[in-house]
Amino acid sequence: MLPISQSQTDSFKAFIDEHETFLVAGHKEPDGDCVSSALGVSYILEHFKKPCALLNAGPFKRAEIRKFAPQFRADIPFMTQAERDKCGLIVVDCSELSRLGELDGDIKGFDTFIIDHHKTSGAKDNAIIDSSAPASACLVQQLFEALVGRPSPEQAYTLFFGLGTDTGFFRYLTPQDAETFRCASRLTECGANPRGIYQEITGGKPWSTRKLLSVMLDRAERHCNGKLAVTWETMEDTRKYGQEGRDSDALYSIMIATEGVEAVLFLRQETEHSCTLGLRSRDECDVSAIASKFGGGGHKNASGASCEGRIETLLPAIVKEFSKVL
């Protein structure tokens, strides 16, 4: 991860100075990094006495982030055109307005600044994007430290929560990520409790998700000479087991740890005509390139997409793309 430059900090501060109020939005189906990054930006705005509304279309299905849901709204506050002209939109942990989901109101037309760490991000202007950063929360933390100073224990907890989520609690880091550990160290010095945050992120899963996990593993298949592990969740599975939450992270961890497996594909039938897909890989397989072919994106080793179609037609199409690289 590259430290944020002074010019990037100045660019973000100038954006803050240019607007009176703000909307801070993250991608639909948020994770800990998305939520923490949005809250971290709100802390910066609060310091500069700039009112803001936190937006997220949800759903907040992950057990560890449900406590944050009341701080977000799924509708854009009513504003006159004059008020909209003075309002800035800050998008965190994604770069495309389409990934914000079904917000109630018109999100288009706002002057926008993006803070993201996904490899497939295409934003250029009014943006801080570093695909080498393991979490958007790391970028927000650096902005906070540069513009505000030392975070309070509560603020340090929030930022560490996002960092811990997207790094798999540091399992995904490499020798190139020394700066990330320095970020974590500073947050710990400010009062973040790594042990407590780890227990929050990994614990409290509903019993139904344990049962659903067993169904997913029993259904799993291997393709591409055993290098690709595949499983899926039907709408009936979701109705029976998945309403209380999700634990695809545990599924990915178990399947990617299997001998000979280099990548994992998980498909969920969301509606009769649409699916979400999650892709994970180890080492050299770039799943963001495959996700982009289906309207998604993300990181080299962790990506996803939402697309039209059904499992029985999408599955062979995605496996075909994997067969070109595995």
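Two strands count as paired if DSSP finds at least two bridges between them. Helices (H or I, at least four residues) and strands (E, at least two) are themselves DSSP runs, numbered from the N terminus. The model is predicted: local features need pLDDT of at least 70, side-chain atom pairs count only at pLDDT 80 or more, and totals for chains, interfaces and linings use all residues. Residues are numbered from 1 along each chain as its sequence is written, and side-chain values use heavy atoms, with hydrogens and water left out.

A hairpin of three residues connects β10 to β11. Strand β10 (residues 297–298) runs antiparallel to β11, and two bridges join them; G297 stands opposite G304 in β11. Strand β11 also pairs with β9, again in the antiparallel sense, over seven bridges. In that pairing, A302 in β11 is the bridge partner of R280.

In a regular strand the side chains alternate between the two faces of the sheet.

Strand β9 leads on to the second largest pocket. A pocket is an open set of points on a 1 Å grid over the protein atoms alone, where a 1.4 Å probe fits, with protein on both sides within 12 Å along at least five of seven lines; lining residues have an atom within 4 Å of a point. The second largest pocket has 13 lining residues, and K28, E29, P59, E270 and T276 lie nearest its centre. The elements giving two or more residues to this lining are β8 (263–271) and β9 (274–281). The largest share, three residues, comes from β9. The volume of the second largest pocket is about 190 Å³, taken as the space filled by probe spheres set on the points, which are joined across faces, edges and corners.

Turning to the helices, α2 (residues 32–47) has 16 residues and spans 23 Å from its first C-alpha to its last, close to the 22 Å expected at 1.5 Å a residue. The expected span is 1.5 Å times one less than the number of residues. Because 14 of its 16 residues are buried, α2 is largely enclosed by the rest of the structure. Just after α2, K49 has a positive phi of about 55 degrees.

Helix α6 (residues 178–189) contains E179. At 14% relative accessibility, E179 counts as buried.

Definitions and conventions: Buried means under 20% relative accessible area, exposed over 50%, partly exposed in between (1.4 Å probe, protein chains only).
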